[in-house]
Amino acid sequence: MSLSAAARACCRLLTVIRCPPVGSSSIMSRLLHSDGQVNGLKNKGKSTICVEGNIASGKTSCLEYFSNTANLEVMTEPVAKWRDVQGHNPLGLMYTDPTRWGLTLQTYVQLTMLDVHTKPSLSPVKMMERSIHSAKYIFVENLYKSGKMPEVDYVVLTEWFNWITKNIDLSVDLIVYLRTSPETCYQRLKMRCREEESVIPLEYLSAIHGLYEEWLIDRSSFPVPAPVLVIDADKSMEEMIQHYEENRGKILAA
Ligand SMILES: Nc1ncnc2c1ncn2[C@@H]1O[C@H](COP(=O)(O)OP(=O)(O)O)[C@@H](O)[C@H]1O
Ligand SMILES: Cc1cn([C@H]2C[C@H](O)[C@@H](COP(=O)(O)O)O2)c(=O)[nH]c1=O
């Protein structure tokens with residue numbers, strides 16, 4: 001299929017699934033030239049940093065800290081959308097019954113992450129929380145590997161992911177990996193008290209941790225799309241701020 005035909009097919013599909021909260025039509029208008037070609041979309045001379053890490057590792061806090069930085073725009077993970085899409089809560093449904101709702105959540109995560117990746121930044125540096133890559137390589141992978149996602153759902157998500165990453169420029173310039181122990185995340189998750197996550201056991205965080213380590217440290221699972229800056233994030237907030245200041249130059253030079 002030619003690119004323009006694929007883009008038109010994608011457009012038709014997005015029209016069919018009608019998803020106004022993330023403005024699928026606005027994503028498509030960003031992705032399409034007037035001639036119907038899929039656009040590369042790389043913001044010339046701009047860079048993208050993705051802050052990665054386990055659930056409750058401190059990613060949002062990191063973005064909050066950097067949000068006061070000149071020439072840098074932060075884009076937090078669209079969790080609010082995953083908890084409320086036209087009155088439905090796919091995140092909550094997934095935790096209640098992952099086999100039934102995993103595909104539903106991950107399809108929406110993939111769409112909303114695509115939205116964030118392609119949103120033009122007003123500043124030279126865009127700092128995102130996670131990425132379309134970790135959604136696939138960590139969370140979809142975990143559902144599948146733990147036997148909670150049927151193979152057909154995994155294959156369909158993989159085909160979508162492969163099409164998106166082949167045809168749209170989602171390049172990342174630096175990954176900042178907030179490396180924590182699962183135990184630290186478990187404590188922080190309990191402290192944060194997000195209702196849907198009350199069912200998460202330590203074993204779930206250990207599985208997510210293992211997948212992050214294979215991806216970003218061992219580099220044995222999936223392609224790593226950018227250089228990785230590893231920050232030990234098992235530290236107090238004060239120590240984290242010190243780490244961020246020590247690494248500010250490296251981060252902003254991405
Ligand atoms: N270094 C830290 N030490 C102690 N608590 C932290 C630290 N970083 C974040 N927190 C707290 O842990 C919880 C999860 O942090 P958050 O930034 O939301 O993580 P994430 O975005 O990775 O899920 C929040 O309640 C936050 O205030
Ligand atoms: C990307 C992604 C996330 N989730 C879940 C995991 C957590 O419950 C929230 C994100 O919260 P965090 O504190 O920012 O880590 O969403 C998921 O189930 N699938 C995904 O692809």
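**Exercise 1. The site of ligand 1**

Which atom of ligand 1 is 2.5 Å from an N or O atom in the side chain of Thr60? Then describe the rest of the site.

Solution. The model is predicted.

Step 1. Start with Thr60. An oxygen atom of ligand 1 lies 2.5 Å from an N or O atom of this side chain.

Step 2. The side chain of Ser61 places an N or O atom 2.6 Å from an oxygen atom of ligand 1. Arg188 has a polar side-chain atom 3.3 Å from a nitrogen atom of ligand 1.

Step 3. On its own, ligand 1 exposes 560 Å², and the protein buries 79% of that.

Step 4. Assign the shell to elements. Helix H3 (59–66), H9 and helix H11 (237–252) each give two or more residues to the shell around ligand 1.

Step 5. List the shell. Ligand 1 is surrounded by 15 residues, and the closest are Lys59, Thr60, Ser61, Arg192 and Lys235. By class, four are nonpolar, six polar and five charged.

**Exercise 2. The site of ligand 2**

Find the residues that come nearest to ligand 2, and state how much of the ligand the protein covers.

Solution. 

Step 1. Take the shell. It holds 18 residues, of which Glu77, Tyr95, Gln106, Arg130 and Glu197 come nearest. Ten of the shell residues are nonpolar, one is polar and seven are charged.

Step 2. Locate the shell. Helix H5 (90–96), helix H6 (98–118) and helix H7 (132–145) each supply at least two of its residues.

Step 3. Look at the polar pairs. Tyr95 has a polar side-chain atom 2.7 Å from an oxygen atom of ligand 2. For Gln106, an N or O atom of the side chain is 2.8 Å from a nitrogen atom of the ligand. A polar side-chain atom of Glu197 is 2.6 Å from an oxygen atom of ligand 2.

**Exercise 3. Glu197**

Is Glu197 buried or exposed? Trace its surroundings.

Solution. 

Step 1. Glu197 sits in the loop between helix H9 (182–192) and helix H10 (202–217).

Step 2. Apply the cut-off. Buried means under 20% relative accessible area. Glu197 has 3% relative accessibility, so Glu197 counts as buried.

Step 3. Find its partners. Leaving out residues up to four places away in sequence, Glu197 touches Ile55, Tyr95, Leu189 and Arg192. Its side chain makes a polar contact of 2.8 Å with the side chain of Arg192.

**Exercise 4. Cores and fold**

Which residues of the largest nonpolar core touch the most other members?

Solution. 

Step 1. Pick them out. The core has 46 residues; Ile55, Trp82 and Tyr204 touch the most other members.

Step 2. Name the contributors. Elements giving two or more residues to this core include helix H4 (79–83), helix H8 (151–167) and strand E4 (174–179).

Step 3. Note the other core. It is separate, has 17 residues, and includes Val51, Cys62, Met127 and Leu229.

Step 4. Check a residue in H10. Ile208 is found in this helix. Its relative accessible area is 0%, so Ile208 is buried. Beyond four places in sequence, Ile208 touches Asn54, Ile138, Phe139 and Asn142.

Step 5. Step back to the chain. Eleven helices and five strands make up its secondary structure. Of its 254 residues, 48% are buried.

Methods. Residues are numbered from 1 along each chain as its sequence is written. Chains are lettered from A and ligands numbered from 1 in the order in which they are written. This is a predicted model: local features need pLDDT of at least 70, side-chain atom pairs count only at pLDDT 80 or more; totals for chains, interfaces and linings use all residues. Side-chain values use heavy atoms; hydrogens and water are left out. A residue is near a molecule or strand if one of its heavy atoms lies within 4 Å of it. A polar contact is a pair of N or O atoms within 3.5 Å; within protein, one must be able to donate a hydrogen and the other to accept it, and residues adjacent in sequence count only if both atoms are side-chain atoms. Accessible areas come from the Shrake-Rupley method with a 1.4 Å probe; for residues, only the protein chains shown count as cover. Helices (H or I, at least four residues) and strands (E, at least two) are DSSP runs, numbered from the N terminus. Ala, Val, Leu, Ile, Met, Phe, Trp, Tyr, Cys and Pro count as nonpolar, Asp, Glu, Lys and Arg as charged, and the others, Gly among them, as polar. Buried means under 20% relative accessible area, exposed over 50%, partly exposed in between (1.4 Å probe, protein chains only). Contact means heavy atoms within 4.5 Å. A nonpolar core is a set of buried Ala, Val, Leu, Ile, Met, Phe, Trp, Tyr and Cys residues joined through side-chain atoms within 4.5 Å.
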